[in-house]
Amino acid sequence: MTNDVPVRRLEEAPEPDARCVGALPPETVAAWLHERIGKRETDGVRRLGLRRTKASRNQQRLWHRHQATAAGDHSAPFMLRRISGHVDVPALASALDAVVERHEILRTTYHASGPDVYQVVNTPVPIGLREEILSGASATERQRMLREAVESTVRHAFDLENGSVIRARFFALGPGEHALLLVVHHIAIDVWSSAVLLADLAETYQAIRERRQPRLPAMPVQYSDFSEWQRQGMQLATQEGDRRYWRAQLRGVPPGTTLVHGRLLTATPSRTEVPLPVHVSATDVADMEHLGRGVGASIFMVLLSAFSYVVAQWSGRWDVVVGCPVPSRPVPEVEPLVGLFVNMLPLRTRVTPSDTFRQLLERVRDTTLDGYDHQQLFFEDIAREASPAEEASQEPLVRIAFAYDEVNASPRAAQGLGKPMTIPFAGQQHYDLSAVVTRFDDGVRGTVSFPAGLFDPSAIQRFVHDFLNTLGAAVRNPDCPLRNLPARDICNTRGTASPTDSQSGGTPQ
């Protein structure tokens, strides 16, 4: 799993379409959202001040997953920061308590009543952050102790009915070197929210040290207000249009895109993930930017195009679906909130091998932008539109996922809280294959992960190799036909079968 997840930017095209929400400056986003909400003939989120409300649908789904998870099989999103220099631990502890008081979602518990799950906002209770000294004799030993501390904290099961959804630990690693660990149950956080939480904590910490009031965005509403507003049908005016779009977009889609090569015949694969590293060089990223700029596509779209093409080869069919998470925050009032807003978009790609990579990228761009324009429908509802009850498949709609993040795309910087730390850690994998990549100064880095026992690790290493080779060749020669890109030659030299040209799917109608 990833740690210290940065905010996801939806778009970064040079001349952004109004649908490319994340490419626009905040004031433009707000204006666009207000216009969009106005077109929906609905009011914005209002502060209700309720202490007990129904959980959002995303939260309800995670509640049931949590209840079904076996003991010892838990993991949660976490942020790990390396902080150099002096740290005022009591000030940091007070800042964390203030942030928990600011965001009700961080002091909320959950319980079920019949088929419904309710969230209850509780009185703030101090987290009790304190310094823990890792006294290993060497830097390697201290690193081992830190890794063990992180893993035990992340894996320890949460008590969502009676306990806290947030944990925090502060470690002294040596003279002037520290590590801050924040673990939050997924029911209360997503990628964007991780950046919001860190930014709020950093500003509050600085304000306490400087004896001033924190300069934080106003919060007219809380997450419980949003979930109540969401449940009362704020999207009714556009839901039917979104349903029609996804019904048409996914009509006839083959169920459950997954890899057919390299699979192991394990009866019950573990859900413990096996992460493999991915690194796209800064040179290739510059080539991606240049290519994307010419067709109005983002780096994410370039990566997704190459990824989908290789998935098509490894799945044995040219018509594939890859799930892409997006931070679905439909109104400006929720921008400064910590909470679970993410939605999954099943982006369908039909590959024509005689097309060039540039043509594939243009199709992926259009599909992605249309998906963003219809992202307010919940993934579960999208899946139902793809498989109506009378013809429902047992196969899940999304078995392969792809996520792209920008490490510097946070709406507010977490200054004073150091830099992200990477700790090798095997979390839980809920897809057959997932790629999570982040753009850094030295390029794009991340992991491709799969459940232990599902695939031969060496096969997925070859998949990653194919992806990187395809990407590098495509961005350097985007007008080369797909069938001539090197990944196919690599695939064939392994003796694995690729889809034939006659299986080409073309563009969805």
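Trainee: What are we looking at, anyway?
Mentor: It's a predicted model, where local features need pLDDT of at least 70 and side-chain atom pairs count only at pLDDT 80 or more, while totals for chains, interfaces and linings use all residues. Residues are numbered from 1 along each chain as its sequence is written, and side-chain values use heavy atoms, with hydrogens and water left out.

Trainee: Okay, back to Arg-144. Which side chain does it meet in a salt bridge?
Mentor: That's Glu-141, at 2.3 Å, N to O. A salt bridge here is a side-chain nitrogen of Lys or Arg within 4 Å of a carboxyl oxygen of Asp or Glu. Both residues lie in helix α4 (residues 139-155), 3 residues apart, about one turn of the helix. Helices (H or I, at least four residues) and strands (E, at least two) are DSSP runs, numbered from the N terminus.

Trainee: Which residues do salt bridges with shared partners join into one network?
Mentor: Glu-240, Arg-243, Arg-247 and Glu-385.

Trainee: How many salt bridges does the structure hold?
Mentor: There are 26. One of them pairs Asp-200 with Arg-102, at 2.9 Å, N to O. Asp-200 sits in helix α5 (residues 191-209) and Arg-102 in helix α3 (residues 89-102), so this pair ties together parts that are 98 residues apart in sequence.

Trainee: Are those two buried or exposed?
Mentor: Both Asp-200 and Arg-102 are buried.

Trainee: New topic. What's in the largest nonpolar core?
Mentor: It has 72 residues, and those with the most contacts inside it include Met-288, Phe-402 and Leu-471. Helix α9 (residues 299-315) gives the largest share, 13 residues. A nonpolar core means buried Ala, Val, Leu, Ile, Met, Phe, Trp, Tyr and Cys residues joined through side-chain atoms within 4.5 Å.

Trainee: What is Leu-471 in contact with, leaving aside neighbours within four places in sequence?
Mentor: Val-280, Met-288, Val-302, Leu-303 and Ala-306. Contact means heavy atoms within 4.5 Å. Another core, of 67 residues, lies apart from that largest one, and Met-79 and Val-184 are among its residues.

Note on methods. Buried < 20%, exposed > 50% of the residue type's maximum accessible area, 1.4 Å probe, protein only.
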